[in-house]
Amino acid sequence: MRNIDEEKLLEEYAPKKKTGLDEAKKLDRKAKLPALILAYTFGIIGTLVLGVGMCIAMKVIGDGSAGIIALGIIIGIAGIAMVSVNYPIYKVIERNRKEKYASAIILTLNKDKQQ
């Protein structure tokens, strides 16, 4: 009779049998990853643009003249716009990628059920 530690070690080091679910999870990650990377990248850039605009508008950066403050407000609004459209862009890309990979994932899961 094996104890729990032996079972965990055997489970960890024994050769794993690939299943359709494993392949479907891999395809699911492949479908979602580009949208996620774009969302994080675009969100970070938008946040930085917003922060730079705020710094300029609040006279942390620049000489504090009216023109520079107005420029900071415009840059800040551009950052707000970028951050605001980030999630809808993410959802559109994710939906398109899911549609692209849906048939392959469903086929993989159905093939696994038939075996």
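**Exercises on a predicted model**

Tyr87 and Tyr90 lie three residues apart in helix H3 (residues 66–114), so about one helical turn separates them. Helices are DSSP runs of H or I with at least four residues, numbered from the N terminus. The model is predicted: local features need pLDDT of at least 70, side-chain atom pairs count only at pLDDT 80 or more, and totals for chains, interfaces and linings use all residues. Residues are numbered from 1 along each chain as its sequence is written, and side-chain values use heavy atoms, with hydrogens and water left out.

**Exercise 1.** Classify the aromatic pair found in a search of the whole structure.

Step 1. Rings of Phe, Tyr and Trp (its six-membered ring) pair if their centres lie within 6.5 Å; planes under 30 degrees apart are stacked, over 60 edge-to-face, the rest tilted.
Step 2. The search finds one pair. The ring centres of Tyr87 and Tyr90 are 6.1 Å apart and the planes stand at 35 degrees, so the pair is tilted.
Step 3. Buried means under 20% relative accessible area, exposed over 50%, partly exposed in between (1.4 Å probe, protein chains only). Tyr87, at 54%, is exposed, whereas Tyr90, at 17%, is buried.

**Exercise 2.** Describe the salt bridge between Glu94 and Lys91.

Step 1. The rule asks for a side-chain nitrogen of Lys or Arg within 4 Å of a carboxyl oxygen of Asp or Glu.
Step 2. For Glu94 and Lys91 the N to O distance is 3.3 Å.
Step 3. Glu94 is buried at 8% relative accessible area; Lys91 is partly exposed at 35%.

Terms used
Helices (H or I, at least four residues) and strands (E, at least two) are DSSP runs, numbered from the N terminus.
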